[in-house]
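Please open the structure in a viewer and keep the selection panel at hand.

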Amino acid sequence: MKVIVLGAGLLGVTSAWFLRELGHEVEVIDRQAACAAETSFANGGQVSVSHAEPWANPGAPLKLLKWLGREDAPLLFRLRADARQWAWGLQFLRECTPARTRHNIRQIVQLGTYSRQVLRALRQELGLHYDQRTQGILHFYTSEREFEAAHAPAAQMRELGCDRRVLSAAEAVAIEPALRGAQHQLAGATYTPEDESGDAQRFVTELARQGAARGVGFRLSHQVTALHAAGGRLDHVEVIDPQGRYQRLQADAVVVALGAFSPALLQPLGIRLPIYPAKGYSVTMPVRDPGRAHQVSLTDDEYKLVFSRLGDRLRIAGTAELNGFERQLNRVRCQAIVRRVEELFPGAGDLERAQFWSGLRPATPSNVPLIGGTALPNLFLNTGHGTLGWTHACGSGRSIARIVSGLAPEVDFAFTGAASRRPGHAAGPRRPAAAPISGA
Ligand SMILES: Cc1cc2nc3c(=O)[nH]c(=O)nc-3n(C[C@H](O)[C@H](O)[C@H](O)COP(=O)(O)OP(=O)(O)OC[C@H]3O[C@@H](n4cnc5c(N)ncnc54)[C@H](O)[C@@H]3O)c2cc1C
């Protein structure tokens, strides 16, 4: 089959790789001149199966109210006259019940565990290098209450096979000695030894290079302007090439992996995706004092920041702002990250050479991505990965390649469309009513 993949971020390039592996003729289209130039460019670097507690959880509504209007809040809703933002917000609230949270954690852990296995196998098979570290992820808490509240989700994750251990402050410092200066602030931590970290942009670039060597085509600097259906199928993709000319591209199947921009292109087909951009920031700086710099990937619960060591660089990322598609750097939010880094690891990084970045997470209200079929039999989704697109990339890419090929996915997950109804398929429940994909 000829398959077109729209988007050359983490999800598009992994989809293309596995589609090619299954013998298809594959072409990837992206408006940027390079792969991983948008949200997959400078993320937090964590491959974190343990980061499975969704933003929508029973404690979220109260926290969100407390944070409303606070410029440096970890998760900030900037209320706009935007019907899509309000609809997303209402769906988010519906996902905050204990039952929905448990259901969503299950989806996220199952896909994450599978994805980490697929990543490892791929890394070994292809000899990939992307500043990866396999020292686990340490999630630390500075509030006793939040630490207590973390016990139940950690226990649920252990039941699902994710070895998320509960540690004392002293045990946390033994795992990451760079935290010793902050030990007095720590209430405790959880540690997941199997989790990893690495530079997602380097990974995508290297996978795309090896994919191209095996025949994957890349049509970069091409803007997708519309998807056209005819006769109950997707008929063609309309693009503008770098010279400004319109082209019509046809294929047997099309996979949409356009991140936060996926809904706009699907809406005219009557397919409504519950994805809203959640802007986040990262800071990348060279290590200045290796003795003070962290090695293990960390999550700071209170500030909702993640810290990864990418070779001789420190990457710190986090915060989420629901404010449409603008990507302007907000100084207050950037400075809030820098202040926290200096508080925890004073002198570790070279602040004068810090590079700031922002990206738009394609967030669903449940944090569960949209992978699978739609109402059009040759149109597929691999999008809506929100905070965990790097963690879920390889498993999602392999799963969508199997679904497009008519094969059963290898993981128990709520795929969209017909995949979960296919006989012999191991998948769990269909997409929940609270996160509808109208028309899909
Ligand atoms: C601050 C921050 C920190 C994060 N940290 C982590 C982390 O530690 N671990 C983790 O697992 N995840 C993390 N994430 C999430 C992860 O980065 C995303 O989920 C992931 O990058 C999404 O990948 P994607 O391929 O769906 O989207 P993208 O990377 O945005 O790819 C979509 C592609 O579509 C292209 N495109 C869009 N519209 C068009 C069009 N009309 N025509 C042509 N091309 C188009 C874009 O150019 C882009 O290349 C983080 C995200 C942010 C913002």
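The stops below concern the ligand, then a cysteine, then the salt bridges.

**Before starting**

This is a predicted model, in which local features need pLDDT of at least 70 and side-chain atom pairs count only at pLDDT 80 or more, while totals for chains, interfaces and linings use all residues. Residues are numbered from 1 along each chain as its sequence is written, and side-chain values use heavy atoms, with hydrogens and water left out.

**First stop: the ligand**

Next, display the secondary structure, where helices (H or I, at least four residues) and strands (E, at least two) are DSSP runs numbered from the N terminus.

At Asn43, an N or O atom of the side chain is 3.0 Å from an oxygen atom of the ligand. At Gln223, a side-chain N or O atom is 3.4 Å from a ligand nitrogen atom. At Val224, a backbone N or O atom lies 2.8 Å from a nitrogen atom of the ligand. On its own the ligand has 1000 Å² of accessible area, and the protein covers 98% of this (Shrake-Rupley method, 1.4 Å probe).

**Second stop: Cys394**

Select Cys394, which is placed in helix 10. Is this residue buried or exposed? Cys394 counts as buried, because its relative accessibility is 2%; buried means under 20% relative accessible area, exposed over 50%, and partly exposed in between (1.4 Å probe, protein chains only). Leaving aside residues up to four places away in sequence, Cys394 touches Thr14, Phe18, Ser115, Val118, Leu119, Leu122 and Phe203, contact meaning heavy atoms within 4.5 Å.

Side chains of opposite charge can pair when their charged atoms come close. A salt bridge here is a side-chain nitrogen of Lys or Arg within 4 Å of a carboxyl oxygen of Asp or Glu, and the count by this rule is 28.

Select Glu326 and Lys279, whose closest N and O atoms are 3.1 Å apart in a salt bridge. Glu326 lies in the loop between strand 17 (313–322) and helix 9 (331–344) and Lys279 in strand 14, so the pair ties together parts 47 residues apart in sequence. Glu326 is partly exposed at 27% relative accessibility, whereas Lys279 is buried at 2%.

Move to Glu321 and Arg333, whose side chains meet in a salt bridge of 3.1 Å, N to O. This pair links distant parts of the chain, with Glu321 in strand 17 and Arg333 in helix 9, twelve residues apart. Glu321 is buried at 2% relative accessibility, and Arg333 is buried at 1%.

Finally, select Arg120, Arg123, Glu194 and Glu196, which salt bridges with shared partners join into one network.

Key
Polar contact = N/O pair within 3.5 Å; in protein donor to acceptor, adjacent residues only side chain to side chain.
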